[in-house]
Amino acid sequence: MVLRLKRTHTCGELNGSLKGKEVILNGWIDSWRDHGGVFFVNLRDRYGKVQVLFSADTSPEIYQNSKK
């Protein structure tokens with residue numbers, strides 16, 4: 001089964017007015033960095049780039065899954 005989610009915004013559309021709101025982005029991983037307990041992913045689409053932060057403190061399960 002393939003889960004297909006339609007994006008709500010492009011990476012270039014994100015701004016401070018969306019703080020605290022749920023958004024769905026589609027794109028590819030441009031780069032990633034593991035800083036021991038904090039994992040950064042740069043998600044890119046044709047409109048821009050967004051840095052996503054995964055923290056072991058706030059959500060250990062999501063942090064572990066993001067490293068796979």
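A strand is a DSSP run of E with at least two residues, a helix a run of H or I with at least four, and both are numbered from the N terminus. This model is predicted: local features need pLDDT of at least 70, side-chain atom pairs count only at pLDDT 80 or more, and totals for chains, interfaces and linings use all residues. Residues are numbered from 1 along each chain as its sequence is written, and side-chain values use heavy atoms, without hydrogens and water.

**Exercise 1. Work out how strand β2 pairs with strand β1 and with strand β3.**

Step 1. Find the strands. β1 covers residues 28-34. β2 covers residues 38-45. β3 covers residues 48-55.

Step 2. Take β1 and β2. They pair in the antiparallel sense over six bridges (to pair, two strands need at least two DSSP bridges).

Step 3. Move on to β2 and β3. These also run antiparallel, joined by eight bridges. Val 41 has Val 52 as its bridge partner in β3. This hairpin has two residues between its strands.

Step 4. Six of its eight residues are buried, so β2 is largely enclosed by the rest of the structure. Buried means under 20% relative accessible area, exposed over 50%, and partly exposed in between (1.4 Å probe, protein chains only).

**Exercise 2. Which residues form the aromatic cluster, and how do their rings sit?**

Step 1. Count the pairs. The whole structure holds two aromatic pairs. Rings of Phe, Tyr and Trp (its six-membered ring) pair with centres within 6.5 Å; planes under 30 degrees apart are stacked, over 60 edge-to-face, the rest tilted.

Step 2. Look at Trp 32 and Phe 39. Their ring centres are 5.6 Å apart and the planes stand at 35°, so this pair is tilted. Trp 32 is exposed at 56% relative accessible area. Phe 39 is buried at 4%.

Step 3. Look at Phe 39 and Phe 54. Here the centres are 6.4 Å apart and the planes at 45°, so this pair is tilted. Phe 39 belongs to β2 and Phe 54 to β3, so the pair ties together parts 15 residues apart in sequence. Phe 54 is partly exposed at 21%.

Step 4. Join the pairs. Trp 32, Phe 39 and Phe 54 make one aromatic cluster.

**Exercise 3. Trace the network of salt bridges around Asp 30.**

Step 1. Count. There are two salt bridges in the whole structure (a Lys or Arg side-chain nitrogen within 4 Å of an Asp or Glu carboxyl oxygen).

Step 2. Start with Arg 44 and Asp 30. Their closest N and O atoms are 3.5 Å apart. The pair links β2 with β1, across 14 residues.

Step 3. Shared partners join Asp 30, Arg 44 and Lys 49 into one network.

Step 4. Compare with the surface. Arg 44 is partly exposed at 27%, Asp 30 is partly exposed at 36%, and Lys 49 is partly exposed at 43%.

**Exercise 4. Which strand gives the largest share of the lining of the largest pocket?**

Step 1. Name the lining. Among its residues are Leu 25, Leu 43, Val 52, Phe 54 and Ile 62. (A pocket is an open set of points on a 1 Å grid over the protein atoms alone, for a 1.4 Å probe, with protein on both sides within 12 Å along at least five of seven lines; lining residues have an atom within 4 Å of a point.)

Step 2. Assign the share. β3 supplies it, with four residues.
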